[in-house]
Amino acid sequence: MFNFEVSSLPDRFYIIGGGPGGVGAAYAISKAGFKPVIIEVHDRLAVKPCGRGVPVTSDIPFGIPKSIVLNKISYVKLYVDRLKLFKAGGWLNGFIIDKREFLEHILSETRADIYYRARYNHKSGVARLGGETIDVRRGVFSGGFPYYEGERIPVVQYILGGSLGDVEMDTIEIYFDTEILGYYYVFPHGDNVEVGVGGFRDHNTLWKLLDKFISKDSRLKNSIVVEREAAVVSIGGLRLGYINGLVKVGEAAGYVLPLTGEGIRPSIISGYIAGEALAKGLDPIRELRRLRLSEAISIQRRLLEWAKRLSVEERRRLISTLTPQAHAEIALGYFRLHKLVQNLIFKPLTMVKILTKIIGL
Ligand SMILES: Cc1cc2nc3c(=O)[nH]c(=O)nc-3n(C[C@H](O)[C@H](O)[C@H](O)COP(=O)(O)OP(=O)(O)OC[C@H]3O[C@@H](n4cnc5c(N)ncnc54)[C@H](O)[C@@H]3O)c2cc1C
């Protein structure tokens, strides 16, 4: 329970991690008139490998400056098992961003102090800052996926340059793979492209699958590898709570949309909400639970569980049946379950069978 008065709060709040979650928290804490102190083990912000795709939605607490936008996205092409479903656009918008520059820009608008190459010890709850040992007890923990206790899947990706054929630089391409229950993606990245895959296979298998995917794409097969990156994403849903009195946010708390792996926006928002709650003397867990985003993560997690129960063929049918709008709403987390029923109810009997199976009627 939070029973202290705002006036008795110390001037500073500590933040573990210089990723999107930590920077979102720093922004809110600074805006509320307090001093954020960020502890980052690396020598820079935003170290986690990432596709850097951010949808334009109204729930991000600050604007995305043009200077950090690598590509403006207006279209999405969706495939299931290599078969094209649709190209949608006009009503969808997003950016491929320079994640580090974005976070640096946000931090430049705060009063944050940042300690690089400083490790927080999550067992003892202390950190060495500027030669001093500090007992870090009040603030936000945004250390990312290593501290997440739910299900995680690997994601591997290349940044490809050189000869790229006619990849459209205002379009993201998503290729669902019903076998691995994941997807390949082709995102523009400035003049280069990011090509990756995430799913229910180990890292080695995903690398092999990705190489095969690239070799079959005539636009990509003569490209050169600029970067090769791999990590995991935490897709098991929310795990709210504390580490040594620090409230968990971002990926450490499960703020990733389980069906898409989108984590930048959810991490920023969760960091912001928790930071704001701490600064105002409110219960951050209660504020996080109230977020529409938290509900969206739970719904997507449930949909993922259902998808696991379906056969490959049933998954394919389900994905192919949804309208572009339904796909977009599910992906962004603005989805209501009754809409899924509406999407399927007038479909042939097989659709009703799928529905019956996934909701266990
Ligand atoms: C290949 C790949 C592609 C992705 N593509 C996208 C995408 O296109 N769009 C999207 O929205 N999301 C994407 N994601 C997910 C997204 O990158 C993450 O969900 C997001 O970065 C999580 O932010 P965070 O702040 O919670 O954690 P992180 O970004 O992981 O930041 C955690 C920070 O904490 C620091 N840290 C950890 N432990 C300590 C410690 N003990 N002491 C001090 N510092 C510590 C780390 O060094 C790190 O800087 C992708 C993920 C992967 C793996």
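Me: What's the shell around the ligand made of, in nonpolar, polar and charged residues?

Reply: The shell divides into 18 nonpolar, 14 polar and 7 charged residues, where Ala, Val, Leu, Ile, Met, Phe, Trp, Tyr, Cys and Pro count as nonpolar, Asp, Glu, Lys and Arg as charged, and the others, Gly among them, as polar. This is a predicted model, in which local features need pLDDT of at least 70, side-chain atom pairs count only at pLDDT 80 or more, and totals for chains, interfaces and linings use all residues. Residues are numbered from 1 along each chain as its sequence is written, and side-chain values use heavy atoms, with hydrogens and water left out.

Me: Which residues come nearest to the ligand?

Reply: Of the 39 residues around the ligand, those are Glu40, His42, Gly51, Glu251 and Ile264, and a residue counts as near if one of its heavy atoms lies within 4 Å.

Me: How much of the ligand does the protein cover?

Reply: The protein covers 95% of the 1000 Å² of accessible area that the ligand has on its own, by the Shrake-Rupley method with a 1.4 Å probe.

Me: Why does the ligand lie between two domains?

Reply: Domain 1 (6-52 + 98-149 + 235-296) and domain 2 (153-233) both give residues to the shell, so the ligand lies between them; the bounds come from an automatic or database domain assignment.

Me: Which element gives the largest share of the shell?

Reply: That is strand 15, with 3 residues, strands being DSSP runs of E with at least two residues and helices runs of H or I with at least four, numbered from the N terminus.
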